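These notebook entries record what I looked up, in the order in which I looked. The structure is shown first, and the entries follow.

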Amino acid sequence: MPKIEGGDSIKFGIKYCTVSGRKNLLNKTIKLTPQWFEEDNGLYCYESCCPGIWNEKEKEADSVYHLFGNDLEDLMDCKIIKGTEQDKKDYKKNIDDRNDEITKGYGDMADYFIKQQEEKQ
């Protein structure tokens with residue numbers, strides 16, 4: 001079974017693009033970038049991250065699993081082009097930058113609540 005990792009690229013083939021109705025991807029090679037998806041386990045919602053591409057037409061992300069199935073069974077004639085070490089570092093940096101931005105928001109919120117508590121005293 002093929003393995004796709006962050007930083008890899010996909011060259012989209014004729015058969016895949018015809019069957020999936022994604023002719024806009026025909027013969028394009030697109031690097032997979034981190035994409036975030038909301039998941040619900042029945043108790044709470046959370047976000048998970050996996051390699052994917054941005055779907056401009058739908059204005060949402062498509063993960064490799066949306067594109068090719070959970071076991072990549074719909075890869076058809078698409079080719080996986082393994083990313084370089086730099087591609088993998090860039091992929092990880094993208095995730096780290098987003099996590100830092102989210103964490104910064106938590107720090108700002110904590111600072112706000114601490115200030116509110118101090119003003120009450």
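**Entry 1**

I began with Lys82, which counts as partly exposed at 46% relative accessibility (buried means under 20% relative accessible area, exposed over 50%, partly exposed in between, with a 1.4 Å probe and protein chains only). I noted that this is a predicted model, in which local features need pLDDT of at least 70 and side-chain atom pairs count only at pLDDT 80 or more, while totals for chains, interfaces and linings use all residues. I also noted that residues are numbered from 1 along each chain as its sequence is written, and that side-chain values use heavy atoms, with hydrogens and water left out.

Which side chain meets Lys82 in a salt bridge? I found Glu5, at 3.6 Å from N to O; a salt bridge here is a side-chain nitrogen of Lys or Arg within 4 Å of a carboxyl oxygen of Asp or Glu. Glu5 lies in the segment before β1 (9-11) and Lys82 in the loop between β6 (79-81) and α3 (85-120), so the pair ties together parts that are 77 residues apart in sequence. Helices (H or I, at least four residues) and strands (E, at least two) are DSSP runs, numbered from the N terminus.

**Entry 1: Glu5 again**

I then turned to Glu5, which is partly exposed with a relative accessible area of 28%. Glu5 also forms a salt bridge with Lys88, and the closest N and O atoms are 3.3 Å apart. This pair links distant parts of the chain, since Glu5 is in the segment before β1 and Lys88 in helix α3, 83 residues apart. I recorded Lys88 as partly exposed, at 22% relative accessible area.

**Entry 2: Glu47 and Arg98**

I looked next at Glu47 and Arg98, whose side chains meet in a salt bridge of 3.0 Å, N to O. Glu47 is in strand β4 (residues 45-55) and Arg98 in helix α3, and the pair links these distant parts of the chain, 51 residues apart. Glu47 is partly exposed at 47%, and Arg98 is partly exposed at 25%.

My search of the whole structure found 11 salt bridges.

Lastly, I looked up Tyr106, which is placed in helix α3. Tyr106 counts as exposed, with 53% relative accessibility.
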